[in-house]
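Dear colleague,

I am passing on to you the structure that follows, together with an account of what was found in it. Please read the notes with the structure open beside them.

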Amino acid sequence: MQVVRLYAAVAAGAFRRYATYRGATFAGVFTNTVFGLIIACTYIALWDERPHLGGYDQAQALTFVWVGQAMFSVMMLGVPSGFEAELAARIRSGDIAVDLYRPADLQLWWLAQDLGRAVFQLLGRGAVPMAVGALLFQLALPTDLFSWLAFLVSVFLGILVSFALRYLVAMSAFWLMDVSGVTQMYGITATFFCGMLLPLNVFPGAIGDVARVLPWSALLQVPADVLMGTHGGRGVLGSFLFQAAWAAGLFVAGRLLQATATRRVVVQGG
């Protein structure tokens, strides 16, 4: 119970930390809303020419747009700028040695911080663009409580996958002097394979099949399909299992990489 209170306090502290940046939050809401409007207009033109593209009707395609804008900061769908930058900096400076001596698990500590950040971003930068989209466009939003609860569960699992992926990016700092290149490559890969550019259902042939089984699909494509009920033969439970399996596998990979690194710590710099 004491351990739970510790990580809950860390998450609450991260929530308050991000809540202090009101100007940045307002700017982020404005940016996500503007980009949502631009992409929505593009999708309207595209779906007018190709109705039911990727199995979506126009309302579902527009819903996907606004779910994407709502999830952009929650899941770090662009170039990541969350805990991974701070953790990588601590590895480079040698401060990570202090962290490893603390009576708390390193991976769970940063997970708690990232959960606090993600909850704030969901409320601060996710809800408003989604509401604007619902007011201005006809969206395929569910009316039953179960679908919304299932969506929140899927979002939570997606956050776990996002954290686990970015933890691997941060761990690369044990071997690299500068992780900015890895971070940039992660951002490009995540943007493409999560469905931020186009729903993965639209991707043709083998590239679509591969994209839908990669972990980045758990960040946007899967939560959006859970919300709209367009998850096909996988079903809600199958979608949860897909996300949970990737989260568990990536968490284990992060822990193994951390164990390998800390057995032969080479302090870069300080």
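A residue is called buried here when its relative accessible area is under 20%. By that criterion, 49% of the 270 residues of the protein are buried. Please bear in mind that this is a predicted model.

**Overall architecture**

The protein contains eleven helices and zero strands, so that the order of elements from the N terminus is α-α-α-α-α-α-α-α-α-α-α. Its radius of gyration is 19 Å, close to the 18 Å that the globule rule gives for 270 residues, and the protein is therefore as compact as a globular protein of that length. Along the principal axes, the C-alpha atoms occupy a box of roughly 60 × 40 × 35 Å. Among contacts with a separation of 6 or more, 79% join residues 24 or more positions apart.

**Nonpolar cores**

The largest nonpolar core comprises 70 residues. Val67, Met71, Leu77, Leu87, Trp216, Leu219 and Leu220 have the most contacts inside this core. At least two of its residues come from each of the helices H2 (22-49), H3 (58-71), H4 (83-93), H6 (106-136), H7 (145-171), H8 (180-194), H10 (221-228) and H11 (235-263). The greatest contribution is that of H7, which supplies 14 residues.

Residues up to four places away in sequence being set aside, Leu87 touches Ile96, Trp110, Tyr167, Ala170 and Met171. There is also a second, separate core of five residues, among them Tyr7, Val10, Ala11 and Ala112.

**Glutamine 60**

Apart from neighbours within four places in sequence, Gln60 is in contact with Gly55, Ala140, Met228 and Thr230.

**Surface and charge**

The accessible surface of the protein amounts to about 12,600 Å². Carbon and sulfur atoms account for 70% of this area. As to charge, the protein carries 16 positive and 13 negative side chains; the centres of these two sets are 10 Å apart.

With kind regards

Terms used. Residues numbered from 1 in each chain as written. Predicted model: local features only at pLDDT ≥ 70, side-chain atom pairs only at ≥ 80, totals over all residues. Heavy atoms only, no water. Core = buried A, V, L, I, M, F, W, Y, C linked by side-chain atoms within 4.5 Å. Buried < 20%, exposed > 50% of the residue type's maximum accessible area, 1.4 Å probe, protein only. Helix = DSSP H or I, 4+ residues; strand = E, 2+ residues; numbered from the N terminus. Contact = heavy atoms within 4.5 Å. Rg over C-alpha atoms; globule rule 2.2 N^0.38 Å. Areas by Shrake-Rupley, 256 points an atom, 1.4 Å probe, with all protein chains shown as cover. Lys, Arg positive; Asp, Glu negative; His and termini not counted. Charge placed at Lys NZ, Arg CZ, Asp CG, Glu CD.
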